[in-house]
Amino acid sequence: MHLQPSAPCWGIDLGGTKLEGVVLGPEGRPLSRIRIPTERDRGYAHILDRIGLLISRMAEETGLRPAALGVGTPGALDPDSGTLKNSNTTCLIGQPLSRDLEARLGVPVTLMNDANCFALAEARLGAGREVQGESIFGIILGTGVGGGIVTGGRVLNGRHSIAGEWGHNFLDESGGPCYCGRTGCVETVLSGPALEGWYAARSGLRRPLAEIYQRFRAGQDADAAATMERLVQNFGKALGPVINLLDPAAVIVGGGVGNIGLLYTEGVRETARYVFNPRMETQILSPRLGDSAGVFGAAMLVQA
């Protein structure tokens, strides 16, 4: 079910740490926006309860009830089995989340990967508005690495519901084992925890990535400089082939790693080295919606 653009759109961003819900009114204006802890350690049934609670609170705040619900999830809905797969919230794997929510809430539910939701929101309301009508690749560089493809204002989902999942392309053996069962995935090299772990292995010290970047900028830490060099070089090596395949007008970089300014200067130059064209016209952009993108995109899943 899809709603007319004037009808309020309800969305849930199901994160490992927090659940966020929004009711979007006309022109993307939030009528309600509420966050509660996910409490995923208490299991699948409890997560269903938490989503029900969030919907109830938004209904109380707005005096409305949802006619349909969009849900952004870690992982993707398997189009054949109707169950969730590839989720780092492992209690969701193999569960018919969409069907269970429809039974509980009594409304149609559209479920999609959270990176797709990020890409959709940024394409329609954020950094991608200046390149509307063109294809956009929205990527998440954070605790994990994911991506979503938006073309003609709509998400490309794919036969296996994995379109845009560049985080599990092979990049470099040095990344080591990935939770997906493979070795050297993009996620094992470019995610925030991967970069922090690489720095710790060199320096013997654990620091958050933001601090590593600050130390690099201060010019006081050779290990921080090496970590930033690893990030930039592998960012280009991983992203260039994706641009060759999709040829998007823009790449929008979300997630905590995306806050590192080098990606928009040195990272652009490094990416251009791997693009099959004399010059790279694809824009690499920072997002404009901040932490709103995921939940806004979830709500947009039910728009016409």
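Of the 34 residues in the largest nonpolar core, those that touch the most other members are L141, W166, L190 and L239. A nonpolar core here is a set of buried Ala, Val, Leu, Ile, Met, Phe, Trp, Tyr and Cys residues joined through side-chain atoms within 4.5 Å; buried means under 20% relative accessible area, exposed over 50%, and partly exposed in between, with a 1.4 Å probe and protein chains only. Two or more residues of this core come from each of β8, β9, α4, α5 (192–203), α6, α7 and β11, and α7 gives the largest share, nine residues. The elements are DSSP runs numbered from the N terminus, helices being H or I of at least four residues and strands E of at least two.

The model is predicted: local features need pLDDT of at least 70, side-chain atom pairs count only at pLDDT 80 or more, and totals for chains, interfaces and linings use all residues. Residues are numbered from 1 along each chain as its sequence is written, and side-chain values use heavy atoms, with hydrogens and water left out.

Beyond its neighbours within four places in sequence, L239 is in contact (heavy atoms within 4.5 Å) with F137, W166, V251, T271 and I284. Apart from this core lies another, of 29 residues, including C117, V150, A249 and L289. In soluble globular proteins, nonpolar side chains tend to be buried together.

Next comes the sheet. Five strands, in the order β10-β9-β8-β11-β12, form an open sheet with mixed pairing; strands pair if DSSP finds at least two bridges between them. At its edges are β10 (154–156) and β12 (283–285), each of which pairs on one side only. From one strand to the next, the twist averages 25°. Within the sheet, β8 (residues 136–141) and β9 (residues 145–151) are antiparallel and share six bridges, with I140 opposite G146 in β9.

Two helices accompany these strands. Helix α3 (residues 114–125) lies across β8, β9, β10 and β11 (250–254), at about 45° to β9. Helix α7 (residues 222–246) packs on the sheet and touches β8, β9, β11 and β12, its direction making about 155° with that of β8. Axes are lines fitted to C-alpha atoms, for helices over the stretch in contact, and angles run from 0 to 180 degrees between N-to-C directions.

The aromatic pairs number two. Rings of Phe, Tyr and Trp (its six-membered ring) pair if their centres lie within 6.5 Å; planes under 30 degrees apart count as stacked, over 60 as edge-to-face and the rest as tilted. F137 and W166 are edge-to-face, at 6.1 Å centre to centre and 80° between the planes. F137 belongs to strand β8 and W166 to the loop between β10 and α4 (186–190), 29 residues apart. F137 is buried, at 1% relative accessible area, and W166 is buried at 2%. Y213 and F216 are stacked, at 6.3 Å and 15°. Both lie in helix α6 (residues 209–218), three residues apart. Y213 counts as buried because its relative accessible area is 14%, whereas F216, at 27%, is partly exposed.

One more site is R33, in strand β3 (residues 30–37). R33 is partly exposed, at 32% relative accessibility. Its side chain reaches the backbone oxygen of D291 at 3.3 Å, and a polar contact of 2.9 Å joins the side chains of R33 and S292. A polar contact is a pair of N or O atoms within 3.5 Å; within protein, one must be able to donate a hydrogen and the other to accept it, and residues adjacent in sequence count only if both atoms are side-chain atoms.
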